[in-house]
Structures are given as C-alpha cells and as structure tokens.
Amino acid sequence: MATTTAPPEKPVKVVEPGSGTGSRTTRLLGLACLVGVAVLMVFAFALTEADLVQQDVVRMIYIHVPSAIAGYTGFVITAIASVMVLWKKSMWWDIVAVAGAEIGLLFTGLMLATGVIWGRPTWNTWWEWGDVRLMTALMLFLVYVGYLAYRRVVPSADVRARRSAIIALVGVINVPIVNRSVEWWASRTLHQQSSLSDGKLEDLTLFTLAMGFVVFAMVFAWMLIHRFRIGWLELQADTVGLQAAMAERRAQMEADIDDAVAHPGVSEPIEGGSA
Amino acid sequence: MREVWAVAGKDLRIEMRSKVVASQVLPFAVIVLVLFGLALDADRGTLRSFTPGLFWVTVLFVAILTIQRSVSIETASSAFEALRLSGTAGWKIFAGKALAVAAQLLAIEAVMLLGVVVLYRSSFEDPVLVVTAALAATMAIATAGSLYGVLAVGMGVRDTILPMLLLPILAPVLVAATRAFDDGLSTAAVNGWAWCSLLACFALLYAIVGGVAYAVVLEDA
C-alpha cells in the first residue's frame with residue numbers, strides 16, 4: 001500500500017497493455033449483473049401489478065428506491081474511506097473514496113431523474129421548490145459535484161487526498177438529512193414516507209423491490225471494483241512516470257560527473273556571470 | 001482564548017486599515033439589494049414578502065467575498081506559514097478567523113437591514129428573533145466559510161471553486177435563516193424560533209468540524 005508521504009521506492013508492477021481492469025471474478029459478477037437487471041425488468045414491468053392509484057407509474061419504485069440507497073452507500077463509503085485517508089495517510093483509501101463518490105453521484109442522479117419523471121404524473125409537477133426531500137437531495141448531488149470538481153483542480157495527490165477527505169466528511173452530513181427529511185419535515189414535502197416501513201406493499205411488490213436492492217448492490221460492487229482498479233492503474237502510471245523521470249535525471253547527473261572527471265579543468269561558463 | 005482574540009483582532013485591524021470590506025463589499029451588498037428591486041419591477045408588495053430570501057441570498061454573495069478576502073490576507077505574504085510556526089493550535093486560528101469573518105458580516109448585515117427597511121419598506125415584528133437568527137446564521141456561514149476558504153488556498157481557480165463548494169453546504173442555512181426571518185418580519189406564518197434552533201445546530205456542527213479539520217488543512221496551506 002502506498003502512502004501519501006512519499007512515492008514507493010521499489011519499482012511497481014506494470015500492467016500489460018490491453019489487460020484491462022477485469023478479472024474472472026468481475027466478469028462473472030458483470031454477467032450476474034446483466035442477468036439480474038433483465039430479471040428485475042421482467043418482474044418490474046410484467047409480473048407485478050399496477051397500483052390502484054398511481055397505475056403503471058408505481059413501477060418506477062423498483063429503480064428509484066434502490067438508486068437512492070446505492071447513492072447513499074456510495075457517499076458513506078467515501079466518508080469511511082476519507083477517515084482512513086486522514087488516519088492511515090493511504091492513497092489506496094483515497095482511490096476508494098473517489099470511486100464511492102463517483103458511483104454515489106451516478107446513482108443519486110438516477111434517483112433524481114426517476115423522481116422527477118415519477119413526480120409529473122403523480123404530483124402534477126416535475127419539480128416542487130418547497131419540497132424538502134427534493135431540495136435536500138439536489139443539494140446532496142451538488143455537494144458531491146463540488147467534491148469531484150475540487151479533486152480535479154488540486155495538482156498534488158497528497159494534498160488532494162487530505163483536503164477532499166475533509167470535504168467528503170462535511171458532505172456526508174447531508175445523507176441522514178436527505179434520508180430522514182420526509183419524517184422531520186413531513187408537512188413540507190409531497191414525498192411519501194418510507195416505502196418499506198409503512199407496511200403497505202404487497203408480497204410480490206416487496207419481493208421485486210428486494211430484488212432491486214440486490215441487483216443494484218451487485219451493479220454497485222461491479223462498478224466500484226472497476227473504478228478502483230482504474231484509479232490504482234492511474235496511480236501506478238504516475239509512479240512509473242516519476243520513477244522514469246528520476247532515473248533519467250540520475251543518469252544525466254552521472255554522465256555530467258563522468259565528463260567532469262574525464263576532462264578536469266574544463267567547465268561550462270556560468271550563465272550571466274562575469275568569469 | 002488569548003490567541004483566538006489575537007487572530008481575530010489581527011484580521012479586523014487589517015480590515016480597519018485597508019477598508020476593503022467597507023469600501024467594496026458593503027457597496028456591493030447595497031447594489032445587489034437595489035438590483036433585486038429593479039428586477040422585481042419595484043413592486044413593493046413582492047419585495048416586502050420576499051425580503052427574507054433576498055436578504056439572505058445577498059448575505060451569501062457577500063460572505064463569499066468576505067471569506068476570499070479573509071484568506072487572501074494570509075496567502076498574500078505567506079502569513080499562513082507564520083501562523084503555523086507560531087505554535088498556535090489549529091482550532092484557535094480557525095476560531096479567530098471565523099470570529100473576524102462573522103464580525104464583518106454582522107456589520108454588513110446591520111447596514112443591509114437598514115437597507116431593506118428603507119428600500120423594501122420591511123418592518124421588524126420580532127426584533128429579538130431577527131437578531132438571534134442573524135447571529136446564528138452568520139456563525140454558521142462564518143465557520144463553514146473559514147474552513148472551505150482555506151481548502152481553496154493554493155489553487156489558481158480559488159475564486160470559482162469556493163462558491164461551488166460552499167454554497168450547497170450553506171443551502172440549509174439559507175432555508176432556515178429565511179424561514180426565521182419570515183417569522184421575524186411577519187412575511188409568513190412559521191415558527192421562527194424552531195428554525196433558529198436549527199441554525200444554531202448548523203453553527204455548532206460546522207464549528208466542531210472546522211475546529212477539528214482546520215489543523216489538517218493548514219498543513220498544506
């Protein structure tokens with residue numbers, strides 16, 4: 001595991017071009033994700049019944065709710081990894097943090113998009129400015145857009161890891177606020193209470209929703225593994241580049257010394273000097 | 001606490017001498033209030049009912065400038081390094097910087113309150129609530145801003161990245177402060193003290209996180 005205090009001294013293992021970020025396990029996991037999504041779609045759109053009030057729009061729940069949970073999970077992973085960055089000063093955890101944030105942002109975006117689409121036929125509006133759940137979710141999304149934008153403008157990997165860890169730890173405060181907002185400010189939201197805790201879901205609906213959680217968890221894991229490996233390869237490429245530059249500089253210095261020993265008394269004139 | 005007051009006093013003395021906030025940021029706040037009046041077509045009823053929101057949006061804009069100023073006086077002459085070498089604990093530097101920003105913001109808000117009375121014809125139905133909400137919201141803005149201000153140190157894009165990082169974090173403060181002012185100015189029937197309590201929670205939360213994290217960030221500043 002590399003540390004943020006200094007680049008690793010020993011040469012790192014260079015990944016062969018074309019080998020990618022996949023492995024036998026991730027390919028199997030990816031295949032399971034594809035099958036899982038297909039089965040989930042069959043259950044969501046064909047086997048479950050339409051709601052008496054919401055009609056077919058209710059099917060959005062099988063994507064919307066697991067997306068929300070996956071988004072929260074991504075941000076919580078980022079927060080845990082950020083604590084580890086500050087504690088262990090580890091680049092390994094920094095890569096986990098950015099992977100969690102990117103995937104969390106993707107699923108939060110999906111949650112917002114499906115929520116907006118669901119809101120139009122259900123609440124007769126795409127967006128409700130006074131709705132505390134919608135606003136807090138949008139703010140959560142923007143906090144992590146800022147987190148990722150910040151990471152792109154800090155050139156030093158060490159400084160980036162430490163500073164962005166603090167931003168992630170402040171940002172994760174919003175996760176429980178978004179999640180609990182429908183209970184804390186029940187009078188200021190059109191959003192329904194928790195779909196699972198109100199006990200109104202039928203057996204097949206509940207089963208399909210549970211399947212949605214499992215499938216989204218698998219997709220989340222598959223993305224996290226690949227995003228982590230991409231980050232790790234980027235770190236290796238940077239380290240290899242640094243080692244190559246240091247070796248080139250060392251060779252140049254040795255050549256200069258050899259030259260000075262072979263031709264004593266001959267020195268280059270000092271630029272701008274009077275001698 | 002002596003170090004906290006020393007850091008705060010240093011920042012306020014620099015401001016008293018340079019008068020950047022007084023001569024540039026304060027006029028900017030008044031200009032924004034006037035522009036809102038122009039944009040809303042001088043409809044006094046609308047202006048009066050939207051005063052809390054317009055007031056706090058303006059405060060957020062002003063806070064960005066004040067925080068950038070607070071950071072730039074440290075970076076311009078490598079003063080952060082001197083602060084580090086002074087041996088003062090990170091949380092004390094943070095508290096001093098946040099207090100100085102809060103003091104400047106409160107001074108600007110006092111002038112802005114006068115501005116909304118004159119320009120928008122707003123009236124204070126509950127002055128105690130208005131003052132308490134302003135104090136709590138300003139502390140929340142100053143503590144979060146002081147932490148995020150130093151996070152943006154050392155980057156060429158500091159001026160653009162700071163609002164992007166800070167404004168979403170301050171959105172709950174904007175909502176709570178607006179609701180508390182709604183009650184204090186009688187523009188809406190809400191429980192302003194409940195929102196005021198939420199503001200105090202945010203101020204405390206950001207102060208704790210900032211106090212703990214500032215030393216880590218200061219190492220790289």
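1. Ser186(B) is placed in the loop between H7 and H8 of chain B, where helices (H or I, at least four residues) and strands (E, at least two) are DSSP runs numbered from the N terminus. Its phi is positive, about 55°, although Ser186(B) is not a glycine. Most residues other than glycine have a negative phi. Ser186(B) counts as partly exposed because it has 15 C-beta neighbours inside 10 Å. On this scale a residue is buried if 20 or more other C-beta atoms lie within 10 Å of its own, exposed if 12 or fewer, and partly exposed in between, with C-beta atoms placed from the backbone.

2. The model is predicted: local features need pLDDT of at least 70, side-chain atom pairs count only at pLDDT 80 or more, and totals for chains, interfaces and linings use all residues. Residues are numbered from 1 along each chain as its sequence is written, while chains are lettered from A and ligands numbered from 1 in the order in which they are written.

3. Asn124(A) also calls for a remark. Its phi is near 65°, a positive value in a residue other than glycine. Asn124(A) lies in the loop between helix H3 (91-123) and helix H4 (132-153) of chain A. Is this residue, with its 9 C-beta neighbours inside 10 Å, buried or exposed? With that number of neighbours, Asn124(A) counts as exposed.

4. Chain B contains 8 helices and 0 strands, in the order α-α-α-α-α-α-α-α from the N terminus. Its radius of gyration is 17 Å, close to the 17 Å that the globule rule gives for 221 residues, so chain B is as compact as a globular protein of that length. The radius is taken over C-alpha atoms, and the rule is 2.2 Å times the number of residues to the power 0.38. Along the principal axes, the C-alpha atoms of chain B fill a box of roughly 55 × 35 × 30 Å. Buried residues account for 47% of the 221 in chain B. Of the contacts in chain B with a separation of 6 or more, 84% involve residues 24 or more positions apart; two residues are in contact if their C-beta atoms, placed from the backbone, lie within 7 Å.

5. For chain A, the count is 7 helices and 0 strands. Of its 275 residues, 31% are buried. Residues 24 or more positions apart make up 79% of the contacts in chain A with a separation of 6 or more.

6. Within chain B, the axes of helix H1 (residues 2-18) and helix H5 (residues 90-120) come within 7 Å and cross at roughly 40°. That makes H1(B) oblique to H5(B), since angles under 35 degrees count as roughly parallel, over 145 as roughly antiparallel, 65 to 115 as roughly perpendicular and the rest as oblique. Axes here are lines fitted to C-alpha atoms, for helices over the stretch in contact, and angles run from 0 to 180 degrees between N-to-C directions. Among the residues making the contact are Val4(B), Val7(B) and Leu12(B) of H1(B), and Ile93(B), Leu99(B) and Ala103(B) of H5(B).

7. The contact between the chains takes 15 residues from chain B and 16 residues from chain A. On the chain B side, helix H7 (158-184) and helix H8 (192-220) each supply at least two residues.
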